[in-house]
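I opened this entry to look up ring contacts, a charge pair and a pocket. My notes follow in the order I made them.

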Amino acid sequence: MDATGDNPTPRSPHTPTRLQARTGILLSAATALIATAAPASATPPTATPTPNPTPVVVDCFNKPQVRPEEYLLACGDGNNRLVDLHWNTWNHKTATATGTDMVNDCRPYCAAGRFHPYPVTVTLSHPQPWPNHPNTQRFTTIRLLYTHTTPTPVPKDVTYKLVYDSPDTP
């Protein structure tokens, strides 16, 4: 019966119920959503790698670093390291920091020696492509300018090459 108490209007077998109509609308909406989210082509676009504009400094373990707080200078024995580095600049040409160079005096021999602090200004420069690391530049030179005393027999202003190219292991 309908709301008036009369018999309901007979329905054609082809007339959808409200539930069927809602289901049809939801299925149509879902299909449209999937169609717009699917890629237009089965071939994925080829991504062109973009170069990393910021060079890195490579550590003794062949790991890239940006603005490290510490940096090991003596990879073989660990008797010289930069600590408490505070970076003033780090850009595509140079990086500068102030910090402390901790140097072992190796007296009477290195295992029994003591570490001494030397305030220093650090400058990284000469970025070059890093072999086997596409689109990555690495600094290849480090300059240490001692602002007070220097470790014997190191001059007040010294520059080293930073080229730790160890073979990469897969």
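I found Arg 81 over the face of Phe 115, at 5.0 Å from the ring centre. The rule I used puts a charge over a ring if NZ of Lys or CZ of Arg is within 6 Å of the ring centre and within 35 degrees of the ring normal. The model is predicted, so local features need pLDDT of at least 70 and side-chain atom pairs pLDDT 80 or more, while totals for chains, interfaces and linings use all residues. Residues are numbered from 1 along each chain as its sequence is written, and side-chain values use heavy atoms, leaving out hydrogens and water.

Next I searched the whole structure for aromatic pairs and got three. Trp 87 and Trp 90 make an edge-to-face pair, 4.9 Å centre to centre with 75° between the planes. For pairing, ring centres of Phe, Tyr and Trp (its six-membered ring) must lie within 6.5 Å; planes under 30 degrees apart are stacked, over 60 edge-to-face, and the rest tilted. Trp 90 also pairs with Phe 139: the centres are 5.6 Å apart and the planes at 80°, so I logged this pair as edge-to-face. Trp 90 is in strand E4 (residues 80-90) and Phe 139 in strand E7 (residues 137-146), so the pair ties together parts 49 residues apart in sequence. Strands here are DSSP runs of at least two residues, numbered from the N terminus.

Buried means under 20% relative accessible area, exposed over 50%, and partly exposed in between (1.4 Å probe, protein chains only).

I then counted salt bridges (a side-chain nitrogen of Lys or Arg within 4 Å of a carboxyl oxygen of Asp or Glu) and got one. Asp 157 pairs with Arg 143, the closest N and O atoms being 2.6 Å apart. Asp 157 sits in strand E8 and Arg 143 in strand E7, 14 residues apart. Asp 157 is partly exposed at 38%, as is Arg 143 at 34%.

Last, I looked up the largest pocket. A pocket is an open set of points on a 1 Å grid over the protein atoms alone, where a 1.4 Å probe fits, with protein on both sides within 12 Å along at least five of seven lines; lining residues have an atom within 4 Å of a point. The largest pocket is lined by 20 residues, with Asn 80, Val 103, Pro 151, Thr 152 and Val 154 nearest its centre. Strand E5 (95-104) gives the largest share of that lining, three residues.

Methods: Helices (H or I, at least four residues) and strands (E, at least two) are DSSP runs, numbered from the N terminus.
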